[in-house]
Amino acid sequence: MAAASVGWAQGAPAAPPAAAVPPAAAATQAPEPYTYNPDGRRDPFISLLSRGAEASTGSKTTGLSGVATADVMVRGVLQSRGTYVAIVRGPDGKTYRAHANDRLLDGVIRSVTPQGIVIMQEVNDPLSLVKQREVRKGLRTAEDGK
């Protein structure tokens, strides 16, 4: 046994290593970019926590049409020529006049009453069967606090 192991150590020289891939050839083969095919499923990279509003990809709309329903605060209601006009404040601190059928970012003002406004908000939840809901924003008094 000892003779066999000695003979193996003194055997023929080792074969040269296999030809390696040149680095220039490896750099030319770039991996394919990943693409996602939804096939009617929701995008897994969109947060489920922010279902109420879509992320805007373009420029933001100015004025009352750029304010979301959740951000509207009714500051006052007045009557002008037989119709009610609401004075609302947006999240930026600006004040706007709101009439019935005025457009918001995610809804339409359905009516203005002496107690506040009624908004038909568009529900942007793919799991919900309801596509619109009625939101009432009441007139805040000084006793409600700030």
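Predicted model: local features only at pLDDT ≥ 70, side-chain atom pairs only at ≥ 80, totals over all residues.
Me: In what order do the elements of the chain run from the N terminus on?
Reply: The chain contains 2 helices and 6 strands. Read from the N terminus, the elements run α-α-β-β-β-β-β-β.

Me: What share of the 146 residues in the chain is buried?
Reply: The chain exposes about 11,700 Å², and carbon and sulfur atoms supply 56% of that area. A residue counts as buried under 20% relative accessible area. Among the 146 residues, the buried share is 19%.

Me: Over how many bridges do E1 and E2 pair, and which residue is the bridge partner of Gln79?
Reply: Strand E1 covers residues 73–80, and its pairing with E2 is antiparallel over 7 bridges. Within this pairing, Gly76 has Ile87 in E2 as its bridge partner. The hairpin of E1 and E2 has 2 residues between the strands, and Arg81 takes a positive phi near 55 degrees there. For Gln79, the bridge partner in E2 is Tyr84.

Me: Which residue in the turn between E2 and E3 has a positive phi?
Reply: Strand E2, residues 83–89, pairs with E3 in the antiparallel sense over 4 bridges. Val88 stands opposite Tyr96 of E3 in this arrangement. The hairpin has 5 residues between its strands, and the one with a positive phi, of about 90 degrees, is Gly93.

Me: Which residues form the covered face of strand E3?
Reply: In a regular strand, side chains alternate between the two faces of the sheet. Strand E3 spans residues 95–98, and its uncovered face carries Thr95 and Arg97. The covered face is formed by Tyr96 and Ala98.

Me: By how many degrees are neighbouring strands turned in the sheet with the order E4-E5-E6?
Reply: This open sheet of 3 strands has antiparallel pairing. E4 (107–113) and E6 (132–138) each have a single partner strand, so both stand at the edges. On average, and with direction ignored, neighbouring strands of this sheet are turned against each other by 20 degrees.

Me: Which residue of E6 stands opposite Ile117?
Reply: Strand E5 comprises residues 116–122 and pairs with E6 in the antiparallel sense over 7 bridges. The residue of E6 opposite Ile117 is Lys137.

Me: What is the distance between the closest N and O atoms in the salt bridge of Glu122 with Arg103?
Reply: Glu122 lies in strand E5 and Arg103 in the loop between E3 and E4, 19 residues apart. Glu122 is partly exposed at 33% relative accessibility, and Arg103 is partly exposed at 39%. Their closest N and O atoms are separated by 3.0 Å.

Me: Which residues are linked in a network of salt bridges?
Reply: Glu134 and Arg110 meet in a salt bridge at 2.7 Å, N to O; Glu134 belongs to strand E6 and Arg110 to strand E4. Glu134 also meets Arg136, at 3.2 Å. The network therefore links Arg110, Glu134 and Arg136.

Me: Is Arg136 buried or exposed?
Reply: Glu134, at 37% relative accessibility, is partly exposed, and Arg110, at 44%, is partly exposed. The exposed class begins over 50%. Arg136 has 60% relative accessibility and therefore counts as exposed.

Methods: Residues numbered from 1 in each chain as written. Heavy atoms only, no water. Buried < 20%, exposed > 50% of the residue type's maximum accessible area, 1.4 Å probe, protein only. Pairing = 2+ DSSP bridges. Axes fitted to C-alpha atoms, helices over the stretch in contact; angles between N-to-C directions. Areas by Shrake-Rupley, 256 points an atom, 1.4 Å probe, with all protein chains shown as cover. Salt bridge = Lys/Arg side-chain N within 4 Å of Asp/Glu carboxyl O.
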